[in-house]
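Colleague: I'm new to reading protein models. Could you walk me through one?

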Amino acid sequence: MWYDRLPERALEPRTYGEESWPRCPVCGEETDTLYCNESGDIVGCGECIHYVDAWQWKEEQYEF
Ligand SMILES: [Zn+2]
C-alpha cells in the first residue's frame, strides 16, 4: 500500500517553507523565539522559558 513507505515518526521537518516553523531543541515546540546562554547554547524557547519575578524567587529561596 502507498502508506507503507512513510516513516513511523517524522523527527525532522523535511521542508523549510513558510508552513514549517523552527523547533525548540529543548521542548520540541514550534517557536519563533529561542533563548541562549552566554555560551551560545540554546536553553529554551518562548514556549518553555517563562519570566520569574527575581525578588519573589529570592524570597522563596530564603524560606528553606
Ligand atoms: Zn522550548
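Colleague: How much can I trust the coordinates?

Modeller: The general idea is that where pLDDT is low, predicted coordinates should not be read in detail. Here the chain has a mean pLDDT of 82, with 69% of its residues at 70 or more. Strand 2 has the highest confidence, at 95, and helix 1 (residues 54-61) the lowest, at a mean of 93.

Colleague: And how do strand 1 and strand 2 run, and how many bridges join them?

Modeller: They're antiparallel, with three bridges joining residues 34-36 of strand 1 to residues 42-45 of strand 2. For instance, Leu34 has Cys45 in strand 2 as its bridge partner. The two strands make a hairpin with five residues between them. Have a look at Gly40 in the turn, too: its phi is positive, about 90°.

Colleague: What about burial? Is Gly46 buried, exposed or partly exposed?

Modeller: You count the other C-beta atoms within 10 Å: 20 or more means buried, 12 or fewer means exposed. Gly46 has 13, so it is partly exposed. Across the 64 residues of the chain, 3% count as buried.

Colleague: Where is Gly46 placed, and which residues does Gly46 contact beyond its neighbours within four places in sequence?

Modeller: Gly46 sits in the loop between strand 2 and helix 1. Setting those neighbours aside, Gly46 contacts Thr31 and Thr33. Thr31 is 15 residues away along the chain, yet its C-alpha atom is 6.8 Å from that of Gly46.

Notes:
Residues numbered from 1 in each chain as written. Predicted model: local features only at pLDDT ≥ 70, side-chain atom pairs only at ≥ 80, totals over all residues. Pairing = 2+ DSSP bridges. Helix = DSSP H or I, 4+ residues; strand = E, 2+ residues; numbered from the N terminus. pLDDT = per-residue confidence, 0-100. Contact = placed C-beta atoms within 7 Å.
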